[in-house]
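Here are my notes for you to read with the model open beside them.

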Amino acid sequence: MDLAIQANQKIDVQKVREDFPVLHQKVNGSPLVYFDNAASTQKPKQVIEAISNYYKYEHSNIHRGVHTLSLKATEKYENARGKVQAFLNAPKPEEIIFTKGTTGSINLVANGFTTLLKPGDEIIISYLEHHSNIVPWQMLCERTGAILKVIPMNEAGELIYAEYEKLLSRKTKLVAVNHVSNALGTINPIQQIINQAHQYGAAVLIDGAQSVSHFKVDVQALNADFYVFSAHKLYGPTGVGILFGKEEWLNKLPPYQGGGDMIKTVTFEKTTYNELPHKFEAGTPNIAGGIGLGAAVDYIETLGVNNVGAWEDELLHYAVDKMKTLGTVRFYGTAKNKAAVISFLLDGCHPYDVGALLDQQGIAVRTGHHCTQPIMDWYKIPGTLRASFSFYNTKEEIDKFIIALERAQKMLL
Amino acid sequence: MTIKEKEEEVIEEFSFFEDWMAKYEYIIDLGKNLNGYPPEQKTPENIIKGCQSQVWLHAYMDGEKLIYKADSDALISKGLISLLVGVLSDQTPADILSNKLKFIEEIGLNEHLSPNRSNGLSSMIKTMKAYAIAFSK
């Protein structure tokens, strides 16, 4: 990545690997090499223990009990919210909504906008979006008669900024783009995207699923209206995610789901809704998940998210240089600003065949369209192989990966 | 040869392989050598759902026997469907339906193939059996 990451300390990879029990196993007879981090990251024992301890010693339902355990559980859960608030530098804890994940967060916002849009209004997304940042907006358009516009991309997998400027108008009500592309690793110029959208009064939602684990995100500096991510891609548990929304926007949106915790008063005639953030958190939440996310935030903050990003960046360059020496690798997504994701094909080989043969050698990569079919259609390919790195990966693992690729290619050609 | 006999043949063939590479090289070779899929049958309707790669399956009756033809854009999938075609093609629909295949497990493909592919394998068998039901009288 060329955005200068200010790393102040080098990651001690061997030491951090000790925190991840899952990494110390053999798969198909070889030590596991886990390069599928963009799909989901592994969990450090600090996160696993936080969840386990919660269930062992602290579990109770939150927000309503007067007894000690309930108060403790509530405190832990709300502390986790505070950690996420600090992590994103959000102004207020009530602007942090716990959801099921990135997809859940986007659907919450898309659902809320149903009441704010009218036929002819426009929503802008980009070519680089994950299906979860496409489909909810298409459904919103179907409900409201709004129109979906798409920022095109170039061969390198970068958004064509001039085209975005042309799409913007007073009709634009919402812009939803990712910070980092999951399929190609492109880092999008979201600061510019946000600033420009605001000139037209449009709200901006940033899908941060692939960014928060790689570099520092400051929602105030970005001036993002909504910023969403999943815990499981940030070394936390599955089934929990975050919606940051500016208070003024969250107050404009109606509740997403009805139930307990989101109400102030209920009679059969009329229900009044609770205040933020509870208005959007109906029902007993994923308490352990929230606490696990809090532990994951602590973990990554201790390492320093920019230190993490700097090491991943080093791995990215090391891997790309090595892969180039094979002479048969076609790279997809060669943006100047890029996170540690490599999408590629081997000449003459189907990605599924290569993926299966890598798996036989203990190497986990992703194959397929990565939930980004428009990008694959753009390149006129059915899918790619994707290797994505985390701070716990090593250069030795990349060397093994290169040997495994060579072997797979030899077997297939 | 009956389906059982053909299965035994495959199991014996695989018993000689000492490591995963030999096994996969064999499957890949099977894939490379599977020819004769009628081009006009390469239709979207003939694609087996549930496979990560594209696998086409076409079936027709030749007298009493059901004939399968298959193709795939990925070599390993093509090798796998080639194994299935080798065992199940040219048998009566009744025999195809009454035999529970055991060779996949015995040659260790269930455990060694990733879940997606394993699902692909079961989708292949399901589709082949569906044809057998359709052609049963």
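1. Let's start with the polar contacts across the interface of domain 1 and domain 2 of chain A: the rule finds 27 residue pairs there, both partners at pLDDT 80 or more. Do keep in mind that this is a predicted model.

2. Which parts of domain 1 of chain A supply the side that touches domain 2 of chain A? Look at α11 (305–326), β14 (341–346) and α13 (373–379) of chain A, each of which supplies at least two residues. Of the contributions to that side of domain 1 of chain A, α13(A) makes the biggest, giving six residues.

3. Chain A is divided into domain 1, made of 13–43 + 304–412, and domain 2, which runs over 47–302. Their C-alpha centres lie 28 Å apart. As for who meets whom, 41 residues of domain 1 of chain A are in contact with 36 residues of domain 2 of chain A.

4. On area, domain 1 of chain A and domain 2 of chain A bury about 3,100 Å² between them, and 58% of it is on carbon and sulfur atoms. On the domain 1 side, Lys43(A), Val305(A) and Trp378(A) lose the most area to domain 2 of chain A; together they account for 21% of what that side buries.

5. Next, the inside. The largest nonpolar core has 145 residues, and Leu88(A), Tyr227(A), Phe391(A) and Phe401(A) have the most contacts inside it. Helix α10 of chain A (residues 287–303) gives the most to this core, with ten residues. Why does the core lie between the two domains? Domain 1 and domain 2 of chain A both give residues to it, so that is where it lies. In soluble globular proteins, nonpolar side chains tend to be buried together.

6. After α7(A) comes Gly201(A), with a positive phi near 80°.

7. Is Ser343(A) buried or exposed? Ser343(A) sits in strand β14 of chain A, and it counts as buried because its relative accessibility is 1%, where buried means under 20%. Its side chain makes a polar contact with the side chain of Thr384(A) at 2.8 Å. Beyond four places in sequence, Ser343(A) touches residues including Ala183(A), Leu184(A), Arg330(A) and His370(A).

8. Ser132(A) lies in a loop, the one between β5 (122–126) and α5 (135–144) of chain A. Ser132(A) counts as buried as well, at 10% relative accessibility. Leaving aside neighbours within four places in sequence, Ser132(A) is in contact with Thr103(A) and Ile106(A).

Technical notes
Residues numbered from 1 in each chain as written. Chains lettered and ligands numbered in written order. Predicted model: local features only at pLDDT ≥ 70, side-chain atom pairs only at ≥ 80, totals over all residues. Heavy atoms only, no water. Core = buried A, V, L, I, M, F, W, Y, C linked by side-chain atoms within 4.5 Å. Buried < 20%, exposed > 50% of the residue type's maximum accessible area, 1.4 Å probe, protein only. Helix = DSSP H or I, 4+ residues; strand = E, 2+ residues; numbered from the N terminus. Domains from an automatic or database assignment. Contact = heavy atoms within 4.5 Å. Buried area = accessible area lost by both parts, 1.4 Å probe. Polar contact = N/O pair within 3.5 Å; in protein donor to acceptor, adjacent residues only side chain to side chain.
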